Amino acid sequence: QYIYGAEVEGDVAEFGTQTGFSSSVLAASISAFDGFSKITGKKLHLFDSFEGFPAINNESDQASPQIQSGVWGEGFFKGLSAEQLVLNIISASNMPLELIEVYPGWYSDTVPKLADSSRFALLHIDCDLYQSTMDVLDVCFSKNYISTGAMICFDDWNCNRAMPDHGERKAW
């Protein structure tokens with residue numbers, strides 16, 4: 001509602017899709033607001049490795065409570081395939097296929113390849129790990145992908161016991 005009401009330029013991006021639940025909610029919201037707003041045609045950009053977590057090489061991530069306890073690790077949170085994700089989103093939201101873009105691969109490989117003209121009105125960061133979150137935020141801020149007035153939501157803000165030196169909190 002906010003990005004439509006405030007007429008924030010750009011599309012919606014989700015970084016980390018796993019089960020596709022939040023992707024479907026975002027798609028349904030876009031579809032609903034496109035029908036009631038003078039702003040139409042926002043795309044949903046979905047980024048995921050579709051392989052689960054990457055190797056945990058960053059020192060901060062290796063020391064995080066979630067990794068140390070074995071709750072998270074390489075390959076964890078592998079979810080839907082890219083194809084199943086899109087089918088679920090279309091089924092749940094009636095969003096047209098041409099408004100859904102999927103970027104399979106690691107954020108460090110996919111995000112830098114976006115067109116320089118890319119702009120996001122809303123970013124849903126579900127990267128969990130510090131390094132993965134940095135792979136997104138570093139590029140998005142340095143390449144000016146984040147529109148003025150954009151909304152940035154962090155899915156795992158309070159993971160790692162809400163400690164500021166781990167995960168998404170540290171990256172922010």
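## An aromatic cluster

In this predicted model, one aromatic cluster is formed by Phe15, Phe47, Tyr103, Tyr107, Phe120 and Tyr145. A search of the whole structure finds twelve aromatic pairs, and one of them joins Phe15 and Tyr107, whose ring centres are 6.2 Å apart and whose planes stand at 75°, an edge-to-face arrangement. This pair links distant parts of the chain, with Phe15 in strand β1 (residues 11-15) and Tyr107 in helix α6 (residues 107-110), 92 residues apart. Both Phe15 and Tyr107 are buried.

Another pair brings together Phe154 and Trp172, with ring centres 5.6 Å apart and planes at 65°, and it is therefore edge-to-face, since an angle over 60 degrees counts as such. Because Phe154 lies in strand β5 (residues 146-154) and Trp172 in the segment after α8 (167-171), the pair ties together parts that are 18 residues apart in sequence.

## Charges over rings

Two lysines are placed over the rings of tyrosines. The charged end of Lys42 sits over the ring of Tyr4, at 5.6 Å from the ring centre, while Lys170 lies over the face of Tyr130, at 5.0 Å from the centre of that ring.

## The largest nonpolar core

The largest nonpolar core holds 21 residues, and the members that touch the most others are Phe15, Phe47, Val111, Ile125, Val136 and Cys140. The elements that contribute two or more residues to this core are β1, β4, α7 and β5, and α7 gives the most, with six residues. Phe15 and Phe47, named here among the members with the most contacts, also belong to the aromatic cluster described above.

## The largest pocket

Rolling a probe the size of a water molecule over the atoms shows where empty space is left. The largest pocket contains about 450 Å³ of space, and of the 29 residues that line it, the closest to its centre are Phe53, Pro54, Tyr107, Cys127 and Ser132.

The elements that give two or more residues to the lining of the largest pocket are α6 and α7 (130-142), and the largest share, three residues, comes from α7. By class, the lining of the largest pocket divides into eleven nonpolar, eleven polar and seven charged residues.

## The second largest pocket

About 200 Å³ of space lies in the second largest pocket, which is lined by 14 residues, and the closest of these to its centre are Gln1, Ile3, Leu26, Ser29 and Leu122. The elements α1 (2-5), α2 (21-34) and β4 (120-125) each supply at least two residues of the lining of the second largest pocket, with the largest share, six residues, coming from α2.

Which classes of residue make up the lining of the second largest pocket? The lining of the second largest pocket has ten nonpolar and four polar residues, and no charged residues, whereas the lining of the largest pocket includes seven charged residues.

How values were computed:
Residues numbered from 1 in each chain as written. Predicted model: local features only at pLDDT ≥ 70, side-chain atom pairs only at ≥ 80, totals over all residues. Heavy atoms only, no water. Phe/Tyr/Trp six-rings, centres within 6.5 Å; stacked < 30°, edge-to-face > 60°. Helix = DSSP H or I, 4+ residues; strand = E, 2+ residues; numbered from the N terminus. Buried < 20%, exposed > 50% of the residue type's maximum accessible area, 1.4 Å probe, protein only. Lys NZ or Arg CZ within 6 Å of the ring centre and 35° of its normal. 1 Å grid on protein atoms, 1.4 Å probe; cavity = no way out; pocket = protein on both sides within 12 Å on 5 of 7 lines; lining within 4 Å. Points joined across faces, edges and corners; volume = space filled by probe spheres on them. Nonpolar A, V, L, I, M, F, W, Y, C, P; charged D, E, K, R; others polar. Core = buried A, V, L, I, M, F, W, Y, C linked by side-chain atoms within 4.5 Å.
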